[in-house]
Amino acid sequence: MKLLSGAIAAVDHGGSLGRASALFPHAPQPFVDLSTGINPHSYPLFELPATALTRLPEAAQLRELAEIAAAAYGAPSAAHVAAAPGTQILLPRVASLLRPGKALVLGPTYAEHARAAAIAGHAVAEVGDFDELADADLAVLVNPNNPDGRVIEKARLLELAAWLRAKDGLLVVDEAFMDAGPIEHSLAGDVVEGGIVVLRSFGKFFGLAGVRLGFALADQLTTERLDAQLGPWAVAGPALEYGIRALSDTKWQAAMRQRLGQDAARLDALLGRFDVPVVRGTSLFRYLSFAEAPSLFSALGEDGVLVRHFAERPGVLRIGLPGSEPEWQRLESALAAWAARRKDASKEIGR
């Protein structure tokens with residue numbers, strides 16, 4: 001068990017081009033940003049009605065969004081959906097549903113969960129074994145996990161939820177990457193009895209992170225509490241418009257799931273050509289763990305290709321999907337240059 005006494009401190013994330021430019025000042029521009037798990041093929045942009053910007057959001061439109069989100073995610077009904085301006089703002093509010101106690105986060109994972117639990121007053125620790133979560137008052141995990149794509153089976157999650165519910169605890173499952181599967185392990189349809197909060201992120205699968213839209217799926221009393229905390233007009237007019245249209249577009253979603261699967265397979269093949277081992281991942285990113293990860297991160301960065309590294313775990317990287325053929329070509333060229341330098345170095349050592 002890893003105690004996280006400093007969990008309130010700010011957390012470093014991927015996606016910062018300003019930080020990338022400071023780290024690799026001589027890299028060719030623009031960067032190919034593969035440091036996030038955001039879909040590079042975003043939902044098609046469309047012209048917003050003027051009222052999305054000139055009027056306060058209507059309650060009827062928020063109800064429509066909740067109904068559509070419930071259908072899209074498999075929640076029992078709109079009454080089990082709380083919409084927010086991104087899941088990030090929900091994290092400390094969900095953690096505050098319980099009085100301060102012991103919060104255990106299944107790691108390694110997205111660091112903001114631990115920080116949010118600490119903000120809510122919990123004593124926070126990271127555990128590496130799923131079974132250890134049974135000792136928590138507040139148990140948190142990401143499924144599929146970020147950054148390594150680990151999946152916990154639904155049956156095990158339901159067993160843990162029942163155990164926590166019996167002692168007035170709470171299981172929080174962040175399903176930010178569940179839109180692309182494996183959907184059979186989602187708990188979205190199992191929130192009725194309470195003791196479970198499922199978080200769903202709109203921006204990652206739909207490639208619209210700037211829209212700032214996310215959802216908490218829970219029993220009706222819990223969603224009412226979250227709605228009351230968020231207050232009126234929490235979701236902006238443009239986010240309502242995009243959420244309603246994109247979550248309703250099942251044809252686009254099905255085609256995108258197929259495309260992402262193909263792109264992930266292509267990325268696996270490309271990395272394999274240069275002997276870069278893929279451990280796991282989702283169809284939005286791949287997780288690498290090997291001794292030469294630091295040199296690969298630096299080499300790609302110098303060539304203007306940004307991937308996600310982790311200061312506390314220098315031997316791992318997360319790499320997202322290129323969004324265009326020129327980006328694929330730049331990644332391939334950067335990998336080839338790194339592999340050639342590695343081969344030359346190996347020859348020198350062998351002399």
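User: How many cavities of 30 Å³ or more does the count come to?

Analyst: In this predicted model, the count comes to one cavity of 30 Å³ or more. The space in the largest cavity is about 70 Å³.

User: What makes this space a cavity rather than a pocket?

Analyst: A cavity is a set of points where a 1.4 Å probe fits but cannot get out, whereas a pocket is an open set. The lining of the largest cavity consists of Leu91, Val94, Ala95, His113, Ala116, Ala117, Leu138, Val140, Val172 and Leu199. Two or more of these residues come from each of α4 (91-95), α5 (112-119) and β6 (138-142).

User: How are the residues of that lining divided into nonpolar, polar and charged?

Analyst: Nine are nonpolar, one is polar and none is charged. His113 belongs to the lining, and His counts as polar because it is not listed among the nonpolar or the charged residues.

User: What can be said of the second largest pocket, and how much space lies in it?

Analyst: The second largest pocket holds about 410 Å³ of space. Its lining has 22 residues, and those nearest its centre are Ala59, Leu62, Arg63, Val81 and Asp227. At least two lining residues come from each of α3 (59-73), β3 (81-84) and α8 (220-230); α3 gives the most, with five. By kind, 15 of the lining residues are nonpolar, two are polar and five are charged.

User: Why is the pair of Phe205 and Phe206 called edge-to-face?

Analyst: The whole structure contains eleven aromatic pairs. In the pair of Phe205 and Phe206, the centres lie 5.2 Å apart and the planes make an angle of 75 degrees. The rings count as a pair because their centres lie within 6.5 Å, and the pair is edge-to-face because the angle is over 60 degrees.

User: Are these two residues buried or exposed?

Analyst: Phe205 has a relative accessible area of 1%, and Phe206 has 0%. Buried means under 20%, so Phe205 and Phe206 are both buried.

User: Which pair does Phe205 form with Trp252, and what parts of the chain does that pair link?

Analyst: Phe205 and Trp252 form an edge-to-face pair, with 5.8 Å between the centres and 75 degrees between the planes. This pair links distant parts of the chain, for Phe205 is in helix α7 (residues 203-206) and Trp252 is in helix α10 (residues 250-273), 47 residues apart. Trp252 has a relative accessible area of 15%, which is under 20%, so Trp252 is buried as well. Ring pairs join Tyr43, Phe202, Phe205, Phe206 and Trp252 into a cluster.

User: How do you know that Arg266 lies over the face of Trp328?

Analyst: Arg266 lies 4.2 Å from the ring centre of Trp328.

User: Why is Leu271 called buried?

Analyst: Leu271 lies in helix α10. Its relative accessibility is 1%, and because this is under 20%, Leu271 counts as buried.

User: What is Leu271 in contact with, leaving aside its neighbours within four places in sequence?

Analyst: Leu271 is in contact with Val276, Val278, Leu288, Ile319 and Leu335. Contact requires heavy atoms within 4.5 Å. Leu171, by comparison, is 100 residues from Leu271 in sequence and 36 Å from it in space, C-alpha to C-alpha.

Definitions and conventions
Residues numbered from 1 in each chain as written. Predicted model: local features only at pLDDT ≥ 70, side-chain atom pairs only at ≥ 80, totals over all residues. Heavy atoms only, no water. Phe/Tyr/Trp six-rings, centres within 6.5 Å; stacked < 30°, edge-to-face > 60°. Buried < 20%, exposed > 50% of the residue type's maximum accessible area, 1.4 Å probe, protein only. Helix = DSSP H or I, 4+ residues; strand = E, 2+ residues; numbered from the N terminus. Lys NZ or Arg CZ within 6 Å of the ring centre and 35° of its normal. 1 Å grid on protein atoms, 1.4 Å probe; cavity = no way out; pocket = protein on both sides within 12 Å on 5 of 7 lines; lining within 4 Å. Points joined across faces, edges and corners; volume = space filled by probe spheres on them.
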